[in-house]
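My entries follow the display.

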Amino acid sequence: MSGRLTGKVALVTGAARGQGRSHALRLAQEGADIIAVDICDQIPSVFYPMAKPEDLAETVAGVERFDRRVFTAEADVRDADVLNAAVAEGIAALGRVDIVVANAGIAPQSVRDTNHAQTFVDTVAVNLTGVYNTVHAAVDVIIEQGDGGSIVLTSSTQGISGRGGNGTGAQDGYTASKHGVVGLMRTWAYWLAPKNIRVNTVHPTGVNTPMVHNEVVQEWLTADPEAAGILGNQMPVDVVEPGDISAAIAWLVSDEARYVTGVTLPVDAGFLIK
């Protein structure tokens with residue numbers, strides 16, 4: 001298969017389902033081989049069901065339908081040692097790495113949460129420290145290859161706006177971590193630009209994934225109807241599709257965006273202008 005990313009290898013975290021699976025499949029469709037990483041396990045402070053090994057297997061099958069190679073690892077982005085080993089094994093198997101999509105994240109807003117402090121710590125650990133760990137698991141190899149590269153970090157509309165905050169550990173942690181991702185992007189964009197490695201963030205509004213559409217989030221929104229109204233989009237759509245975010249990422253990591261770096265790119269159906 002020939003495409004915009006033929007000959008490239010992309011590392012995608014949170015790849016078992018939702019946005020991560022969509023990104024892996026879109027980049028494979030564009031010609032990239034994939035290193036697909038996911039925890040495939042439950043975090044105690046997250047009350048909605050997280051991905052399972054069989055979800056990651058579905059991602060593998062999807063990538064292989066595009067006749068691309070795929071390496072998978074069940075690894076927690078919070079654990080730098082485990083993640084480094086997994087990514088190193090993936091790079092050895094596929095020969096290189098050119099693209100990083102640091103997508104793994106949690107949104108544990110729930111009326112069931114009784115330990116807000118722990119939820120805050122877990123959310124920041126996955127959504128911010130996990131992004132740091134992911135990029136540092138791969139960036140030295142990209143630098144050593146000398147061919148440039150592209151890094152995309154998944155932030156959120158909550159990484160630009162504080163709208164919807166309610167003082168809980170989940171919402172505080174989510175908003176703080178997604179703002180922190182922008183800080184990482186900007187300092188890395190400055191650091192890596194002379195090496196022809198670009199770094200950008202994407203900022204989705206609500207996306208039609210299991211992280212958003214589940215009974216735990218519905219309980220939370222039912223208990224706080226004001227939050228549902230505040231979090232609405234200006235365009236007449238409740239949520240966007242994972243493929244809408246994947247399309248933006250596919251462009252950002254391609255040569256069509258070869259001089260685009262340090263950008264916060266909303267895919268938000270007008271959320272931020274509301």
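I began with what covers the buried residues of α8 and found that the cover includes α1 (18-29), β4 (99-102), β5 (149-154), β6 (197-204) and β7 (264-267). Helices (H or I, at least four residues) and strands (E, at least two) are DSSP runs, numbered from the N terminus. The model is predicted: local features need pLDDT of at least 70, side-chain atom pairs count only at pLDDT 80 or more, and totals for chains, interfaces and linings use all residues. Residues are numbered from 1 along each chain as its sequence is written, and side-chain values use heavy atoms, with hydrogens and water left out.

I then listed the buried residues of α8 (residues 242-252): Pro242, Ile245, Ser246, Ala248, Ile249, Ala250 and Leu252. Buried means under 20% relative accessible area (1.4 Å probe, protein chains only).

Next I looked up the nonpolar cores (buried Ala, Val, Leu, Ile, Met, Phe, Trp, Tyr and Cys residues joined through side-chain atoms within 4.5 Å). The largest has 41 residues, and Leu11, Ile35, Ile151, Leu153, Trp188 and Val199 have the most contacts inside it. Another core, of 31 residues, lies apart from it, with Ala36, Ile99, Val240 and Ala269 among them.

I checked alanine 75, which sits in the loop between β3 (70-74) and α3 (80-94). It counts as buried because its relative accessibility is 3%. Leaving out residues up to four places away in sequence, I found that alanine 75 touches Val37, Asp38, Ile39, Val82, Leu83 and Ala86, where contact means heavy atoms within 4.5 Å.

Last, I noted that 54% of the 274 residues of the protein chain count as buried.

Conventions:
Buried < 20%, exposed > 50% of the residue type's maximum accessible area, 1.4 Å probe, protein only.
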